[in-house]
Amino acid sequence: MFLLQSRASCRLRESPEEGKVFTEGMLMNEERGVVPLLLVLHWKHGAGSPLPITPVNATCATRHPCHSNLMNQIRNQLAQLNGSANALFILYYTAQGEPFPNNLDKLCGPNVTDFPPFHANGTEKTRLVELYRIIAYLGASLGNITRDQKVLNPNALSLHSKLNATADIMRGLLSNVLCRLCNKYHVAHVDVAYGPDTSGKDVFQKKKLGCQLLGKYKQVIAVVAQAF
Amino acid sequence: MALFSAFQTTFLLALLSLKTYQSEVLSEPLSLAPESLEVSIDSARQCLHLQWSVHNLAYHQELKMVFQIEISRIKTSNVIWVENYSTIVKRNQVLRWSWESKLPLECAKHSVRMRGAVDDAQVPELRFWSNWTSWEEVDVQSSLGHDPLFVFPKDKLVEEGSNVTICYVSRSHQNNISCYLEGVRMHGEQLDPNVCVFHLKNVPFVRETGTNIYCKADQGDVIKGIVLFVSKVFEEPKDFSCETRDLKTLNCTWVPGSDAGLLTQLSQSYTLFESFSGKKTLCKHKSWCNWEVSPDSQEMYNFTLTAENYLRKRSVHLLFSLTHRVHPMAPFNVFVKNVSATNATMTWKVHSIGNYSTLLCQIELYGEGKVIQKQNVSVKVNGKHLMKKLEPSTEYAAQVRCANANHFWKWSEWTRCNFTTAEAAPSEAPDVWRNVKSVQGHCVVTLFWKPLSKLQANGKILFYNVVLENLDRPSTLKLLSIPAPANGTELTLDQCSYQIHVTANNSVGTSPASVIAVSGDPGNKEVEEERVKGTEDGFCLSWKPQPGDVTGYVVEWCERPGDPLCDVQWRNLGPNTTSTVVSSDAFRPGVRYNFRIYGISTERIPYLLEKKTGYSQELVPSDNPQVLMSNLTSYSFTLSWKDYAAESQPGFVQGYSLYLKSKAARCLPGSEKAVLSDDSICCKYKIDNPKQKTFVVENLQPASFYEFFLTPYTSVGEGPQGAFTKVTTPDEYSHILIRITLPMIFSILLIMILCYLKSQWMKEKCYPDIPDPYKSSVLSLIKSKENPRLTIMNVKDCIPDAIEVINKQEGTRKSLTETEPTKPTYLYLLPTEKSHSGPGPCICFENFTYNQAASDSVSCGHVPVTPKAQPSQLGLLTSSENGPKALGKNYVNSLGEIPAGETNLNYVSQLASPMCGDKSSLPTNPPEPALCSEYKTQMAIPMGLTSPPSITLLDEGEHDH
């Protein structure tokens, strides 16, 4: 489990799995630990605002060639996430008990302040960079939520399963976006930011933050999937 | 700054020295006040931690002191807690004390102060309170932040049944805030305008994931909450016990108390403490712990097991002597030696538990899974035990365990050893039976024997010896050896009597012989079969005791009656036994079993005594008979089912039930109403005699529809419901139709055919055209009775005096009913007066068979009638052979030839003249003979009765018409 606070920068070139193309099937087995490692390697204390993307002339090499149908894979993964987001949200707030199911607007509203922005009308490169930030943010947050829920709701197995499946898809999506950025746009460096760590929060607050994050995820992933 | 600090320290030291000096000089008591009081908070545990020190003590001085601590809430005057804390105090030692608040510390401001006093007997003069320290304030609210609402305590963990205080802190007192527990609103008390407190009493355990408690404001989207974790009460460990197996290590075990039922923060820990040695160990496992026995031969042990979790600590104690808790190791090197057919010796070794200790060992001998011998033996190191009274060729298991003989604590585990005793000769003769059949002058004997039981066989049976001894020639012996596991053999013998000896043999020896004799006469005399009723326990068979010398009885039966092999079973019974119960797991319901009871003579010859048959459980008949219907009449029919095999049914057929359906509402005598399974109602005839295979259904209605169904019944019930057979009784008169009407029709038809074929003959005989007066029977009667001289009048003797004129109007077509009967009109050819003087009355015949047209023509006018008829004419008239055509033809011819005035007979011709009007037209227009001829019956007309009005018949108008 990786717990990241504040912001971090990500240097793609340093990743041992750099440039590897992920498909849904591969993600479940091969690359389960790649993205956390990638993120941990690039974690940087005290990073400020997101750093600009790599200059165009920067070199960006990948160890493996990207899949020829990479954008389709990205679209499929986004569609897959979009299709399961609402079910995950429902499973989550149901498992938390009252008052969550009956106060979704107050406890699970998508008011996550530091969530990375997304502009659907931007260029593909911009959208891919923003998608990368979003998925990195969501992946870390899902890790925190999964950790908390295993303690707080150890018997909510379907919720755990759904959280793990979503995290797996996100890891694959992140790798594919990275590959696309690197190969086509030669982007080797994208700053990413993460949500607040919940490890020090009280239990009710953990539940609430997780619910807000999943509400935001459900909202954002629909827009992103539509944009691609 | 450093300079200022140094100056301040110097000043204080000087001041303290001065004060000490003053006290010594003035002999005032020394005041030992707590100083440097610091208060910190632990929000998670809701605790205030105080620490302070006492500076005024001399070096190396230790005093027992008591400190009085006061805690106030919200304001200093509101003291909520006062406690005296006693402890030994050293100079400049930091003292600590903690206090747990029931109200979350975030809910209100707390203040703490304290004072001290010497509480030491050595310094009684210092027993007075020092001055209070200043109030130390603890205000957590000020550091909470700017959120509009807070709820406390966060993630509180309590035991089930505890009391919990919850509060919320609102930044705006204008908001109306409501708080809920499990969806139920809580009601609290307002501590200050922004703080409300809720007291939860005796909180229950709900779930291990905790209970959400939340508060929300009326305005805004603010919901804040906490999770309260309520655990079950932590129970103390149970069944705490320690023992040693080798006097080197103690193994202590216990059953942990019930789990707290909460999340991981409530993990339990177990600690083992021994008070005599003062040693302590933290157990790695939840239910057991090992303790090294001290090498200094410590005998007594006093253990304290402490179980602890976040909320509670539980302890159990155990005091014992080490030698009383010895659980020996299992014996080893266990062997069974010197195994014979009936004896064996068991040896083993034990682990020593001390130089002078003795072990008590227990030996158990198992045979066929059951303990058959049990023995206790005292053992130092090596054990030995002789096992007797064993069965030959039998598998045994011997096991041994040991315990401390001086202080029994626990048996060791068992150590087991299996062995098999040696074989011995079979102890019993095989149980033999026979079946004798006579085939082509030979006696075919089938021998059966039962395998010896394990106890009887004393080993593996290898073969059976069969010795045939011819009783007629005792010197003749024949030996057959049948290898095991055969349980019978077939022998073909002559009709001589034989005695058969059967023995079983194993590798050691031969069993006693079983003897059975076969006589030349099979002795299967006819014995009437009796019925026997089976029960759940089997068949209870009894027989009459035999008066003669009987050495025993044998009951024989087949367990599979339908099988050709039959699986013959038998049971030997003593001579005084006259009943037995035969039961078998092979008996099946609905199967008929036949039992034969034999008596065994002193010569060992079996002879049949009785036969029994029965069912272990009777069932309803499995099928229904094929019923044939016959003798169907209007009122009855007959049913027969002679081919039905009642013996093959799964029960004794006690009779038959005949169901008859009809439209009649009432049942006929001999039957009763019955309701079928389909709720239809019919009449039921009960045939009580199972041997009756026919039945006549009587008193039926003709031309009625009936349905019948016949089923047998046993003591259990009737056979399966089958289809009804339909029958309709014939009409009542149908037999008459068949027996009478048809022959009649046939006869009539025959007569008609005959009549048709002989129509001419019949006509001549029965109704000739011109009857022959000579053939009239009337005449014969007259002749015989009245006047024998009377003869038939000759035509020549008759003088015609009148002519009958038959008048009929032409052109009018009337029906027969409308037409008036034609009256003959007569023309008087002779004077009436003269008519009386004639030789006799004139007879006139009128024949109505004449053609109507002809008769009409006749009435048209006078016809010259010849006085004499031509012979030829008469001949023609009487002729019946030429038919009407020939008659007409002759008639025409004769008319033309008859001369007028030659006739002297008053006669009305049967062939009336067809002349119409003018007689001259006759030759030119002759009438058709068939149409114009008319036959009139002859009749005599009295002359006197003729009347003139006959003239009117000549009226022109009518004539023309």
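Biologist: How far apart do the end C-alpha atoms of residues 736–757 of chain B lie?

Modeller: In this predicted model, the span of residues 736–757 of chain B is 100% helix and 0% strand. An unreviewed UniProt entry places the feature "transmembrane region" at these residues of chain B. The end C-alpha atoms of the span are separated by 30 Å.

Biologist: Are H5(A) and H6(A) roughly parallel or roughly antiparallel to each other?

Modeller: Helix H6 of chain A covers residues 157–185, and its axis lies 9 Å from that of H5(A). The two helices pack at an angle of about 155 degrees, and angles over 145 degrees count as roughly antiparallel. The crossing of H5(A) and H6(A) is left-handed. H5(A) and H6(A) are therefore roughly antiparallel.

Biologist: How many nonpolar residues does the contact of H3(A) with H6(A) have?

Modeller: The axes of H3(A), residues 70–96, and H6(A) come within 9 Å and cross at roughly 155 degrees, which makes H3(A) roughly antiparallel to H6(A). H3(A) passes H6(A) in a left-handed crossing. By class, the contact has 9 polar and 2 charged residues, and its nonpolar residues number 17.

Biologist: Which element gives the largest share of the lining of the second largest pocket?

Modeller: This pocket holds about 930 Å³ of space. Of its 37 lining residues, the closest to the centre are Glu100(B), Lys156(B), Leu157(B), Val158(B) and Leu311(B). Elements of both chains give two or more residues to the lining, including helix H7 (203–227) of chain A and strand E9 (157–159) of chain B. The largest share, 4 residues, comes from H5(A).

Biologist: How many charged residues are in the lining of the second largest pocket?

Modeller: The lining divides by class into nonpolar, polar and charged residues.

Biologist: In which loop is Pro99(A) found?

Modeller: Pro99(A) is joined to Glu98(A) by a cis peptide bond, with omega about 10 degrees. Its place in chain A is the loop between H3 and helix H4 (104–107).

Biologist: Where does Pro485(B) lie?

Modeller: The peptide bond from Ala484(B) to Pro485(B) is cis, with omega near 10 degrees. In chain B, Pro485(B) lies in the loop between strand E34 (477–483) and strand E35 (488–493).

Biologist: What is the phi of Asn202(B)?

Modeller: Asn202(B) is placed in the loop between E14 and strand E15 (211–217) of chain B. Although Asn202(B) is not a glycine, its phi is positive, at about 55 degrees.

How values were computed:
Residues numbered from 1 in each chain as written. Chains lettered and ligands numbered in written order. Predicted model: local features only at pLDDT ≥ 70, side-chain atom pairs only at ≥ 80, totals over all residues. Heavy atoms only, no water. 1 Å grid on protein atoms, 1.4 Å probe; cavity = no way out; pocket = protein on both sides within 12 Å on 5 of 7 lines; lining within 4 Å. Points joined across faces, edges and corners; volume = space filled by probe spheres on them. Nonpolar A, V, L, I, M, F, W, Y, C, P; charged D, E, K, R; others polar. Axes fitted to C-alpha atoms, helices over the stretch in contact; angles between N-to-C directions. Parallel < 35°, antiparallel > 145°, perpendicular 65-115°, else oblique. Left-handed = near helix turned anticlockwise from the far one by under 90°. UniProt positions renumbered as here; feature names shortened; annotations may be inferred.
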